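Work through these exercises with the sequence and the structure side by side. Each task is followed by a solution in steps.

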Amino acid sequence: MATQDKKIGAASSTVLAQAQALPPPSLSELVILLSAMLLTMAMHFSYFAPWVTGLIVLFASWRLLLNIKGWSMPKVWLLWGLNLLGIGSIYLQHGTLFGRDASVAFLALMIALKFMETNSRRDFVVLIFAGYFFSITTFLFSQSLLLGFYLLVPVFVLTASLVGSSYPQGTMALSLRLRTTTALLLHGLPIMLLLFLFFPRVPGPLWGVPQDAYKSMSGLSDEMEPGSISELSLSPAVAFRAEFEQGIPAAHLLYWRGPVLNQFDGRRWQQAAPATEPEALSERTPEQASQLNYSVTLEPHNRRWLFMLDMPLTLPDNARFSPSRQVLADKPVRTRMRYAATSQTQYRLAAELNPQTRALTLQLPASGNPRSRALAQQWQGQAPQAVIKTALNMLHEQGFIYTLSPPPLGSDSVDDFLFNSKRGFCEHYASSFVFLMRAAGIPARVVLGYQGGEINPVGRYLIVRQSSAHAWAEVWLQDQGWVRVDPTAAVSPTRVERGLNFALPDEAVLPLMARPEFPLLHKLYQNWDAVNNGWNQWVLGYNQQRQLELFSRLTGKKVDWSWLISSMLIGLFSILGLLSLLLFRRSRGKSTPLQRLYQDYLRRLAKLGIHSHPSESPTALAQRASQQLPQHAQTLQEITSLYLALRYGMPRSAQTVAEFRLWIEKLKP
């Protein structure tokens, strides 16, 4: 018996040693972790400075070599030095340690430095959860559907690394790791969907977004000079999408009105302070046939203006009209915005012009562009309609060319364009036309916006890109008010009727998606854009209003926040209750050999007068039993230690379970 006890004791000591001294993560675990972290950071590499990307790759490679070569980990003083060097470099690069770009780069460097002191399973888990958090920061730069799909890859690899790092038996088989990771993510999918649908949406973000997150947003500016819009026309980025209730109107009606520019300094047009007396509201015709009902999904552009067809009859929430009838939001548009709109295609705006607005829209610099002034003075005394026709005929008949690459203009930009180069884009024609009108005594102003758009037949909506940016003129006529005149149409009617891609010569550089010579690619893109539009509408655009509308349609009654909160809580508790029931039934229905042996151990203790409590741990039970049964203290300790090791810390085998049974059989009354 003594010999048997010694064998059992030796075996138990070996098992406990294996359980308590788990090996550090293997090389394969390190490779998986580093791969997951680099995949998570890869989407930021285009935003980081090159030296930040280089350091991240360097630290990951260095850490891998430490494991392969068996080198010792870096000293603490070296890590602190690298840390301070990284902080200083980021400050020099960005001028701050706060804000989107600086903070994300700083976090990435700190995680990369953490590689250099990661050598235990605990360190692995810390890095993995840091990777989960870092993956969320990607949405500060983009929220596209492609990015959402991509992030599934690093999240899966991070979870696989977490599963492997939590495996107590050492290296985990690849097939088991993949099955476990997939099961974990699939188990979380129902709760994720439930929270997405039911969690009450609050207006605006839950936390503030750094101000520099908006600096890269593109779109129209509040000023115009030669070349400003032609540069924007090279961008394939989507400005907004529009859906029409009665079908998409003809192209010549698609003037999306934006900033109105009144002040001219000889080269640059800018917005002016509004007149002290507001203009009269639009006086529209009673014909309902000229009304257009539509909705706009506007991409963020960090400006306040909302683009609508002229002339808007309704205003979105938290928006107002400017004196020039431009629609302005209460704050800059920094998130995707959807709003319904109604516009009138037949209207009369400001039939009477107040003196302040008249003076503002006749303003010209005191000097400059003498030839253009002299030409316009020859037209004075004629009817305004005749002056407009004369100017448009000049642009149409005197060899003007519509091009994206006009030559640079001199200090007298209008003269240089009208009498020398005669080559320009829409801003050249709008600027020179308004100058001529003002010099002839006709109130006029420049309007920026977008003209036309690309019809997507897949989703039956209109895509308006930055490449559709346009400038035109508005002139004021007695008894007619402000009337739109597009001087570009006099030079290139195709621009208005068919779009920019058909109006420019073949050698013009246009965005790939705007070029007609790739029909198959264009069709594929239209299908993809329809999918992406659904992502924008139903995932990114799933705001408070759309949430309430969805559940109102599903339930057939109007719902509010209290209903959503109650439904969410009921759903969560129902899922948790169902999972608990399944786990309880599984635990009651099946038991392992180890659990059956432990139940035999508890029955033997009961025969000795020691009854276990449901809330009592195995260790607490052994301590209490040892006090009442001192003659069995060693046996109780060995049984408890071996049970905990087998249950939570070591692989089970027939031999170790048999040894556990031998200890239990020693416990006799």
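**Exercise 1. A pair of strands**

In which sense do E2 and E15 pair, and over how many bridges?

Solution. This is a predicted model. Step one: E2 and E15 pair in the antiparallel sense. Step two: count the bridges between E2 and E15, which gives four. Step three: pick out one position. Ala242 stands opposite Leu462 in E15.

**Exercise 2. The sheet around the pair**

Find the order of the strands in the open sheet of five strands.

Solution. Step one: the order is E10-E6-E2-E15-E14, with antiparallel pairing. Step two: look for the edge strands. These are E10 (337–344) and E14 (454–456), since each pairs on one side only. Step three: take the angle between neighbours. Neighbouring strands of this sheet are turned by 30 degrees against each other on average, direction ignored. H18 (residues 519–540) lies across E2 (238–244), E6 (291–298), E10, E14 and E15. H18 runs at about 80 degrees to E2.

**Exercise 3. The hairpin**

Describe how E14 is joined to E15.

Solution. Step one: three bridges join E14 to E15 (residues 461–465), and the two strands run antiparallel. Step two: find a partner. Ile455 has Leu462 as its bridge partner in E15. Step three: inspect the turn. E14 and E15 form a hairpin with four residues between them. Arg460 in that turn has a positive phi of about 55 degrees.

**Exercise 4. The side chains of E15**

Which residues of E15 point one way, and which the other way?

Solution. Step one: recall the rule. In a regular strand the side chains alternate between the two faces of the sheet. Step two: apply it. Tyr461, Ile463 and Arg465 point one way from E15, while Leu462 and Val464 point the other way. Step three: check burial, with under 20% relative accessible area as the cut-off. Five of the five residues of E15 are buried, so E15 is largely enclosed by the rest of the structure.

**Exercise 5. A three-stranded sheet**

What is the order of the strands in the open sheet of three strands?

Solution. Step one: the order is E1-E5-E4, and the pairing is antiparallel. Step two: E1 (223–224) and E4 (263–264) are the edge strands, as each pairs on one side only. Step three: E4 pairs with E5 (residues 269–270) over two bridges. Phe264 stands opposite Trp269 in E5.

**Exercise 6. The surroundings of Tyr150**

Which residues does Tyr150 contact, leaving aside its neighbours within four places in sequence?

Solution. Step two: Tyr150 has a relative accessible area of 23%, so it is partly exposed. Step three: its contacts, with those neighbours left aside, are Leu39, Ala42 and Met43. Step four: compare sequence with space. Tyr150 and Met43 are 107 residues apart in sequence and 9.0 Å apart in space, C-alpha to C-alpha.

How values were computed:
Residues are numbered from 1 along each chain as its sequence is written. This is a predicted model: local features need pLDDT of at least 70, side-chain atom pairs count only at pLDDT 80 or more; totals for chains, interfaces and linings use all residues. Side-chain values use heavy atoms; hydrogens and water are left out. Two strands pair if DSSP finds at least two bridges between them. Axes are lines fitted to C-alpha atoms, for helices over the stretch in contact, and angles run from 0 to 180 degrees between N-to-C directions. Contact means heavy atoms within 4.5 Å. Buried means under 20% relative accessible area, exposed over 50%, partly exposed in between (1.4 Å probe, protein chains only).
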